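Subject: Structure handover

Hello,

Here is the structure I said I would pass on. My notes on what was found in it follow below.

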Amino acid sequence: MGELEDYVKEAISQGFSALGFSCHTPGKLQDVWHMKNEDFPYYIEEINRLKILYGKEIELYIGLELDYLEDTEELVGNEFLEHLDFTIASLHMMRHAKSDQYLTIDGPMNEFRTLLSDNFGGDIKKFAAHYFALQERMIESYSFDILGHCDLIKKRNSNNQFFNQDDQWYQEMTLNFLERVAAKGARLEISTGGIARNSIKETYPSPEMVKRCAELEIPLTLNSDAHFYPHIAHFFPEALQLLKEVGYEKVDVLTQGEWIATPIV
Ligand SMILES: [Zn+2]
């Protein structure tokens, strides 16, 4: 919500050195979540205009959040790479076998429940295992700058209604996943977006996973995934505090077009 320029002004007023935009990619998924194909030229043009207008005050970057699809194994939006300064690769959907349609993991609760019951016979362990396996497949197949919200599977798990993140099976699954991420050298985001929108009470990934990330020396970048410009730095102080507590001294920041490990102040 708000014009792109509102985010730029807000970022400048909060002392950001750089700001990246990452709308949901246009392309083949023309649904309510994704940018309409006809809006993409404006997106590029407008950010380029803002880059010139505010270039002395802040570095601006054009990004997109790309979507991995399990049946075709494509990363939707990868075709726009030449226009982009950075990419976030995310998994939001799974193919619902019965209807042969994609349903969201993080969208309406009934979609999550339908995937759980129809694709996995109600077994949340199988659902979670498939979720992390798909992300691993995406990491193996594609290069990108940031892996988005890598434990999104917990979004619809309020009050631990499907699983407990402290369960041993979940701990093992997420640790194995992070070991694959580390082996591949991928960068994760620590995202505070779910907190600002009141859908979850913690960051993606969870504090426990962030601790593992530190042990595995996985590079992190900080992202508010703001959908409303006043939320641009929501929960950043707490997230940075968490990073410091688990041993991070630096986070990756896009600087003059390069990802630079930058000391946390
Ligand atoms: Zn996302």
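Val 210 is found in helix α7. Please keep in mind throughout that this is a predicted model. With a relative accessible area of 0%, Val 210 is buried. Leaving aside residues up to four places away in sequence, Val 210 touches Ile 190, Pro 205, Leu 220, Leu 242, Leu 243, Val 246 and Tyr 248. As for distance, the C-alpha atom of Val 210 is separated by 34 Å from that of Lys 56, and the two residues are 154 residues apart along the chain.

One of the residues touched by Val 210 is Pro 205, which sits in the loop between α6 (193-196) and α7. The peptide bond that joins Tyr 204 and Pro 205 is cis, with omega at about -10 degrees.

**Helix α8**

Leu 242 and Leu 243, also among the residues that Val 210 touches, belong to helix α8 (residues 236-245), where they are buried along with Phe 236 and Ala 239. Seen down the axis of α8, the buried residues fall within an arc of 125 degrees, so they line one face of the helix. In general, an α-helix has 3.6 residues a turn, so residues three or four places apart point the same way.

What do the buried residues of α8 pack against? Their partners are β8 (188-191), α7 (207-215), β9 (220-223) and β10 (250-255). On the other side of α8, Pro 237 and Glu 245 are exposed. Just after α8 comes Gly 247, with a positive phi of about 110 degrees.

Two packed helices are described by the angle between their axes and the distance between the axes. For α5 and α7, the angle is about 40 degrees and the axes are 10 Å apart. The crossing of α5 past α7 is right-handed. On the α5 side, the contact is made by Gln 171, Thr 174, Leu 175, Phe 177 and Leu 178, and on the α7 side by Glu 208, Met 209, Arg 212 and Cys 213.

Is Thr 174 buried or exposed? Thr 174 has a relative accessible area of 6%, which is under the 20% that marks a buried residue, so Thr 174 counts as buried. The side chain of Thr 174 reaches the backbone oxygen of Gln 171 at 3.0 Å. Residues up to four places away in sequence not counted, Thr 174 touches Phe 132 and Met 209.

The other helix pair is formed by α1 (residues 4-13) and α2 (residues 40-54), whose axes come within 10 Å and cross at roughly 35 degrees. Here, too, there is a handedness to report: α1 passes α2 in a right-handed crossing. From α1, Leu 4, Glu 5, Val 8, Lys 9 and Ile 12 take part, and they meet Tyr 43, Glu 46, Ile 47, Arg 49, Leu 50, Leu 53 and Tyr 54 of α2.

**The zinc ion**

Which residues coordinate the zinc ion? They are Glu 65 through OE, His 92 through NE2 and His 149 through NE2, at 2.1 to 2.2 Å. Along the chain, the donors follow the spacing E-x26-H-x56-H. Glu 65 lies in strand β2 (residues 59-69) and His 149 in the loop between β7 (146-147) and α5 (168-184), so this pair ties together parts that are 84 residues apart in sequence. Glu 65 counts as buried at 4% relative accessibility, and His 149 is buried with a relative accessible area of 5%.

**Two residues with positive phi**

Asn 160 is not a glycine, yet has a positive phi of about 50 degrees. Asn 160 lies in the loop between β7 and α5 and is partly exposed, with a relative accessible area of 43%.

Asp 225, which is not a glycine either, has a positive phi of about 45 degrees. Its place is in the loop between β9 and α8. The relative accessible area of Asp 225 is 18%, and Asp 225 is buried.

Regards

Technical notes
Residues numbered from 1 in each chain as written. Predicted model: local features only at pLDDT ≥ 70, side-chain atom pairs only at ≥ 80, totals over all residues. Heavy atoms only, no water. Donors = N, O, S within 2.8 Å, 3.2 Å for Na, K, Ca; no water. Helix = DSSP H or I, 4+ residues; strand = E, 2+ residues; numbered from the N terminus. Buried < 20%, exposed > 50% of the residue type's maximum accessible area, 1.4 Å probe, protein only. Polar contact = N/O pair within 3.5 Å; in protein donor to acceptor, adjacent residues only side chain to side chain. Contact = heavy atoms within 4.5 Å. Arc of directions from axis to C-beta. Axes fitted to C-alpha atoms, helices over the stretch in contact; angles between N-to-C directions. Left-handed = near helix turned anticlockwise from the far one by under 90°.
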